[in-house]
Amino acid sequence: MTFGPAVGNVGMYVAREMLVSVPEDQRQAYLRMVEEISDLKYQLGVEVARQLPRLLAEHDPGLVARYLSQVRAVAATGWKSGVEVAKQLPDLYDAPDETLADAYVAIISDATVGPAEDAETSQLSGELDTLERQLREMEPKVKRAQELRTLLAARDRRDEKRRKHAVELASALPPILARLRPRYRPPYLTQVRQVAAADPEASLEAADTLLDLLNGERVSPEGAAEWVERGLEVLERNKEVGRGYFRLGSKYALEVLDELKEGLALKSVARVLKLYATALSGREVAIRGTNELTALEAYGDDHILLPPEMRFFEEDAANFTAYKVATAHGAGRIEFGTYGFSLADIPQTVARLQARYPRP
Amino acid sequence: MAVESQRVEDYRLAKEPYYLPLRNEVELFEAAYHQRLPVMLKGPTGCGKTRFVEHMSWRLERTLVTVACHEDLTASDLVGKYTLRGDETIWQDGPLTTAVKAGGIAYLDEIVEARKDTTVVIHPLTDDRRMLPLEKKGEIVQAPDDFLLVISYNPGYQSVLKDLKHSTKQRFVAIEFDYPPPELEETILKNETGVDDDVASKLVKIAEKVRNLRTHGLEEGVSTRLLVYAGQLIVHGVEPIAACEATICKPITDDLEMQRSIVEIIATQF
């Protein structure tokens, strides 16, 4: 099937066969009329486009005008009735009785419009309109109430979490304080309090980390205060990242610590020293900090004890060399059995030496 | 149909390769050769297995065909295949066939790396049949008396997925290699690189210490070959610590802490 040109902006197409059936001098008028009627309803335009060629062929402008007027009149009462009337009217125009078409249009118009509205219907309709308007006005308020409900529930959950972590902190703090060297307790408490006020969960992390930092003398109390201050800034921006900072789980936390620390921490070079001592002595060696020293007998003869911080020199490289010297010394003792000596072996050793070097 | 085989003269060693015997490996190899028994060389990387085969090839005056096995090496690559040359289809002998025909030494380096079908091919060569079937050609090549098959094998690398089957292992006379004792390793270094006694001694001490780190994060210790490289760089004028870092430290590990500890060991010596 081929199609003719588009009819205006209605978006409707008139079949080429239909357009060809319209006398050439009336085609423009035909397209314009279809376009105008299509403005009322697309389906009306389609039906009128089908029927008009037949009316135009009679070269009776009055008849066409009457047709369009009656279709419009019925369509004004209901477009579906208008479409049906547009389809039937041309046949009625052919009837011998000329009044038939007018009567048909009047009946269909009345039937579509129905009886005049009564007072009660008008009142109900008006009331409904008012209620619907009020409901529309209430919608933003209902939405806001829902938002507030969600927000408050989240806050409630957060407060619950906060209270839970506060209880955990209450339980964890006394044993930590017992382990902390007395001279560090006052600054420690100030710092933990600052973090706890901001976020009790982060303060649990900070309490542990600060204990290690201060007891291990990895930072001075002033350095620890600076480290906490920077952490609080992070915590303010993002709680999760801040908690990571206080458990030394972020790169930034370690960088800040590195900036504030005094001397070289054993922890940062322990593996290198362990491998170094293992290579030198040919035995598996363990490196331990003197701060871990609680019971000497807990350490085997393959342990090298080193200070947790090396701060003889300003430069880390020189402090590392100091560690290296101490490690090599320890590795030498391990390799040649210094720590393997036992008093219980003395009688056996004396007997062996006596056998080897008998008195003359 | 034309047959193409590589010139066996290409594989004959003109000059004696330096090799310092560590134990009785030369006598063992010679005995195996004269008894026509295939040989398996076991040992860590860079301890002198390949140099030993070269030396024995020169000593026994046999051509040496070495194949560095890899995971894409197939039986066809070893035995030979048909190839198109212009309009003609020609048969091209693989390195193993070339060695068998020439009565030389075929050395399959790191045999476990090759595909499984290669081990099937070498089986008939390793027992009293001493033959190489060329399946695609429908031909059997009988190995002459002076042919010897040698494979190398690094037990340290092997896993469940890559290991020689017992049916293969038990066809070979095994000669085990390890890093040479310190005094011999020093002699090797001086001979191979021209370094003086002091440098040779320090390099060997470094190797000895680094080898202590095997099982502590290092898969293998530093090889004699790497010590030779270090010596060569030092003789060429490279500063000893830099030479050792480039040859002894960086090639054997990517672990930064391990590298640092090795550098400290190097610094202890130089």
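Biologist: How do H8(A) and H10(A) lie relative to each other, roughly parallel or roughly antiparallel?
Modeller: H8(A) and H10(A) are roughly parallel, a label for angles under 35 degrees, while angles over 145 count as roughly antiparallel, 65 to 115 as roughly perpendicular and the rest as oblique. Helix H8 of chain A spans residues 185–198 and helix H10 of chain A spans residues 221–237, and they pack at about 5° with their axes 10 Å apart. Axes here are lines fitted to C-alpha atoms, for helices over the stretch in contact, and angles run from 0 to 180 degrees between N-to-C directions. Helices are DSSP runs of H or I with at least four residues, strands are E runs of at least two, and both are numbered from the N terminus.

Biologist: Before I go on, what kind of model is this?
Modeller: This is a predicted model, where local features need pLDDT of at least 70 and side-chain atom pairs count only at pLDDT 80 or more, while totals for chains, interfaces and linings use all residues. Residues are numbered from 1 along each chain as its sequence is written, and chains are lettered from A and ligands numbered from 1 in the order in which they are written.

Biologist: Thanks! Back to the pair: which residues make the contact of H8(A) with H10(A)?
Modeller: From H8(A), Pro187(A), Gln191(A), Gln194(A), Val195(A) and Ala198(A) take part, and H10(A) brings Pro221(A), Ala224(A), Ala225(A), Val228(A), Leu232(A) and Leu235(A). Two residues are in contact if their C-beta atoms, placed from the backbone, lie within 7 Å. The H8(A)–H10(A) contact has nine nonpolar, two polar and no charged residues. Ala, Val, Leu, Ile, Met, Phe, Trp, Tyr, Cys and Pro count as nonpolar, Asp, Glu, Lys and Arg as charged, and the others, Gly among them, as polar.

Biologist: And what about H13 and H14 of chain A, what is their angle?
Modeller: Helix H13 (residues 266–281) of chain A packs on helix H14 (residues 316–335) of chain A at about 40°, with the axes 9 Å apart. That makes H13(A) oblique to H14(A). The residues of this contact are ten nonpolar, three polar and two charged. Among those that meet are Leu273(A) and Tyr276(A) in H13(A), and Phe320(A) and Ile334(A) in H14(A).

Biologist: Switching to the interface: how many residues does each chain give?
Modeller: Chain A gives ten residues and chain B twelve. On the side of chain A that touches chain B, H13(A) gives the most, with seven residues. That side of chain A has five nonpolar, two polar and three charged residues.

Biologist: One last thing: is His59(A) buried or exposed?
Modeller: His59(A) is exposed, with 11 other C-beta atoms within 10 Å. A residue is buried if 20 or more other C-beta atoms, placed from the backbone, lie within 10 Å of its own, exposed if 12 or fewer, and partly exposed in between. His59(A) sits in the loop between helix H3 (42–56) and helix H4 (61–77) of chain A, and its phi is near 50°, a positive value in a residue other than glycine.
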